[in-house]
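Thanks for making time this morning.

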Amino acid sequence: AAFQAGVLWRLAQAGCLRNVEHWVSVSGGCFITSAFASQLVAAERPADGEDVECWYKRIVGRTICRMQRNAGYWVRDCADGPFKMREDGSGTLPPIFDLPMLVGLVLFTIIVNPVTHLVVYLVPIAECVNYFMGTAMRAAYCAPNEEQAWEIFERWGPLRDWLDNLMKMVLVLFFVWLVGKLPPCRKPPTGSRQEAQWEEREGRPTRPSHRQGFLYLLSFRAALARIVTVFSITILVLCISMSTELADLKPGLSVSRLEFCEVFVRNNGAHPSVPNQGETQDCGNMRVDKNGNWGPWWEDPIFDVYRYHGGVNSDMPSGNSTQNQDQGPSLLQLFAWPFKKRMIWSGSSLFVTMVFFLLAVIVGALVLSPLFKGLFVTCLSFLGPAIGLLLVASFVQYRVFGPLTGQYYSEALGLWPFNAEYYLSFHLGSLILAFILMVFYHSIHFASHYYYSRTIRLAYFEKGTDISWSDLKRNPFCPFMLQTLTVCDWKRPGDKDGVTEISISSLHTGSAKTGFVATPPWRSIARCTAMAAAALDAVFLATFERLRERFWNEFLNLRMGDYILFERFRNPFVERCKSLNPIRRRESFILYEFPLVAICGGTYIVFIAAGFLAQSADIDTCYSAYRLYVGSLYTIIIVFFCSFFGFVPVLEFFLHSPMIRQLHMLMRYIHVSETPPSMLFVSDGGVRDCTGVLQLMRRRCERILLALAGADSDDDLLVLRLMMRAAVEQKISSFYDPKDPRRDVSAVLDDFKRDKTQTCMHLGIRYTMDDDTPEGRFDVGDAARPDVPRRPRTGHLIVVKNRLPPECQGAPVEPLLTMEEVTGEFAAEPGGMRAGSTHRSTMCGLREERELSLDELGGCCCNCCHTHMCNIGPRFPHASNANQCLTPLWFSSLCRLGHKLSEDAVRIFASSETFGEEWEEFVQP
C-alpha cells in the first residue's frame, strides 16, 4: 500500500485522478483505496471555480500523511510520546497500549477455540461415553484377568452394536461411492463451451442443471463419510483409554490394578483412599445382568473372586467368563495392542507420556530438517491432530475412570484429582458456557477480524470513522472502486477447488460464477478491507488442504476473513427486524442463526436435564435419562447431516450458523451447489488474481495502470504471468509486445527483469472476440444494434513495480513526507535519493547525524528500530508480508520510491495521444 500511495501521489500530481474511471484493489492495496475513499467522503466538495486538481492533491496529501503517521497500524510509532493521546482519532488509548492489546487479542483468540471445543464437543461426548460405556469400562478395569476385561469391555456396553453399525455405514458408503461412478450419476454437463464462455464474460452465472440427483448423492456421501470418521475416532478413543488404563498402576497408590479393585469391591463401591466417600451408585455404575436384575456392576458374580477367594494373591478362578481361551485375541485387542504397553513411569497419564514422545519427534525432525526438506513442516502438521486425539482420549479416560480411581488428570504434574462434586459443577458450567458460545459464536470467534478492521479504520480512515459503500456511490469525485476477494467455502459441481473470486463495489457483489447481488448500502468498507486483506486465511484455506493442516488454523483461530450476506431473496421478517437495529449492526447474523441456535440450545438444555437424572440409581430415572441422551444425540446428528444439504431451499438455514460452517471447514468439506448460499466466507483476494487486472479487462478498459507491490525481490513477475495465463485460459484477452508483435510477450517480462534501469513495462492487450457469439457481433458495430456501444478491441497495460533502481543504491533515506511536499507547495531539495548525501533525522526524540542508505533500511514498528540495533529483517524495498507494522520512515521511503518509479508510467498513461505504435494504425479492426 505504501508503494501504491506513491503512485497515487504521482497521478494527483499529473492531474489524472479526475479522469480515472475504475479503481480495483487487491489484498494490501485495499488499504490505500479505503483510506483515500474515506478522505474523499469526509472532505468538503470543491468550491465553484476552485481547481479540482489542487483539491485532489490535498486529499492525497491527507491520505499519505495519515497513513505514514499510523503505518504500523497494529502497533503505532511512539515517537510523539508513548502516553500521548492522538488527536486524529487513530486510537482510543495512547500508543503504549497497542502492543499489550495485540498480545491480549492473540491470547484470547488462541484460547477461545480450545475452550469452545472442550465445552461444546468434548464434555458432552465424555458424558455420553460415561453413560453408555462407563459401566463396561470400569467393570473391565476391575476384571480378574485381561481376557475377561476385553470381553466385558466389548459385551457389557453398546460397543458391539456400535461396531456393527459402523460396518453397515462403511458398506453403505462404499455402495454410494460405486453408484456415483455410474454414468447417470456423474456430474451433469453445464452446457456448451461457447455458451459458458459467453455467459461468463457477460457477468451471468451459467444456467443451473436440473439434475439434482448428483448433488443429493454427493452431499449424502460427504455427510456419511464424516459421520463414519467421527464414529471411528470415538471407538479409537475408547480403545486407547481402556488400553492405557489397564496398563497403568493405580495413580496415587503404590498398588496394582487388581489390588486396588479388591479393596474397592470389598468396600462395596467406596474409594479405598477416601473412607467417607460412600457408595458411588448412579446410572453410570448400574446395569441389568443376564438374570434381569438391576444393580451396580461390582455385584456381578465375576467379581466374587475379590470377596471369597482370598484376594489377588491367591489363585483366581476364571469367574463366569464365557470366552474360549483358545479363541485368541479379539479384533479390539489387536487394535488396541500398541497402547497396552506400560507408560514411561508408573502412574503416568496417557497425555503426559505421549506429549513427551511427540516433543522428542519434533526435536528430531528439527535436527534432521537440513537433510530432509520439508520434514519439520510435515511432522508439525501431524503433531496437531495427534495432540488433539490424545487430549480427547485422556479426558475421556479421566471422566470414565476418575469416579472409580480418583486419579489425576496428570499424575506427573499433580493436576486436577477427580472429585465428583467438583466435576458435576464443572459439567453444568460447561454446558451453560456452551449455550452462550453458540448464541454469540460469531462475535466471539471472529474477534481477530473485528480487531483487524478496527485497527484499519482507526489508523487510515479520516478521524477513525467508518464509511459505507453507499457513501462512495453518492460521491461524484470518487472513481468506481472495486475490492477483489475470494470465497473459500463454496464451489459448483465439477470445480477443482473451493476458491472463487468475487468483487465488491458500490453497486453489486459477486462474480460471473456466483452471480451478482446488490451491495447493501450499509456494508462497511473497513470490514470489507479487512476481509480483502486477510492474507492469513488465504494461506491456510487455499494452500493447506489436508485435514491435519487445517487443524492448526482451527486451533489457532487466527481468522482475518469473515462472512458476508449474499442474499438473492430477502427475508421480510429479517429485514423488518434489521431495520430497527442501528446502522452498524445490520449485518449481524443472529437473526439468521436463530432457528438453529434455538434447536441446538434446546438440545443442550435437554442434555443438562439428562445429566441430572443420570445421578440417580433408580431404574426408571435412568431410563428417562437414557431417552433424553438418545434424543439429544439424534438431534445433533440430524442437524449435522442436514447441514450438507443446504442447496435445498428449505434446508438452507442450516448453513446460516458460522459454527457449522467452521466445522465443515475443519472437516475439509466445501459446500457444493449450483448457486451459492446466502452466507459466504470471504478472505484475501490475492489467491486468484493478485493484480486486479482481470476485473478491468472484463470491462474492456483501454488504459490500465498496474502498481505491482508484491513480494518479488528477484523480479520474476510470477503474479503477472499467472494473471496473463488466466486471461488467456478464460478467453478474456491475449497480450503482445507493442513495439514488435512478433516477439513473445514473455520476452518483454524477461527484458524488464534483466534491465534494472527500466521503471515500467508497456504491454498490449488484444481483447477476445468470438464472431459466433452475440458479444462478438455487437462489438464490430452491427447496424442492427445501434443502441449497444462499441467496445474497444485493444487495450494497453502499463506496469510499474517496486524495485530499487541502480541509481538509488546507497542513496540516503530522506525525511518523512509532509503535507506541503505532497501538495507541491514547496519542492523537495534536489538530489533526493542520490548516493553520498547526508540527512538529519529525528527518531524517538533523539536527533543524530548519520547516514542510513535505502538498501540498509529494515526494522518494524517504530523509527527507533533503525538506529537502536533493531534494524533487522528484509531490506528495503522488499518487506516481508508478515511484517504488518512498517515504520513511518519505511512507509515514507516506499511512497517516495513509488512516486519516482511511476513518473514514466503515469506520463504514458496520461498521454492525450493515441496509444500504440505506427504499425497498429494499419491493422484492420
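Predicted model: local features only at pLDDT ≥ 70, side-chain atom pairs only at ≥ 80, totals over all residues.

**Cores, a sheet and a disulfide**

Let me start with phenylalanine 36, which, leaving aside its neighbours within four places in sequence, is in contact (heavy atoms within 4.5 Å) with Leu8, Leu17, Trp23, Tyr56, Ile59, Val60, Thr63 and Met481. Residues are numbered from 1 along each chain as its sequence is written, and side-chain values use heavy atoms, with hydrogens and water left out.

Phe36 is also among the residues with the most contacts inside the largest nonpolar core, together with Leu17, Val60, Ile64, Trp74, Tyr452 and Tyr460, and that core has 91 residues. By nonpolar core I mean a set of buried Ala, Val, Leu, Ile, Met, Phe, Trp, Tyr and Cys residues joined through side-chain atoms within 4.5 Å, where buried means under 20% relative accessible area with a 1.4 Å probe, protein chains only. Helix α30 (residues 888–909) gives the most to this core, with 10 residues; helices here are DSSP runs of H or I, at least four residues, and strands are runs of E, at least two, numbered from the N terminus.

Tyr452 and Tyr460 are both buried residues of α16, a helix that is mostly covered, with 11 of its 14 residues buried. Those buried residues pack against α2, α3, α4, α15, α18 and β11.

Turning to the sheet, 4 strands form an open arrangement in the order β14-β17-β16-β15, with mixed pairing, where two strands pair if DSSP finds at least two bridges between them. The edge strands are β14 (703–708) and β15 (733–736), each pairing on one side only. Strands β16 and β17 run antiparallel and are joined by 6 bridges, and isoleucine 765 stands opposite glycine 795 in β17.

Finally, how many disulfides does a search of the whole structure find? The search finds 1, taking a disulfide as a pair of cysteine sulfur atoms within 2.5 Å, and it joins cysteine 283 to cysteine 622, with S to S at 1.9 Å. The two cysteines are 339 residues apart, cysteine 283 in the loop between α9 and β2 and cysteine 622 in helix α23. Cysteine 283 counts as buried because its relative accessibility is 5%, and cysteine 622 likewise counts as buried, at 4%.

Terms used: Buried < 20%, exposed > 50% of the residue type's maximum accessible area, 1.4 Å probe, protein only.
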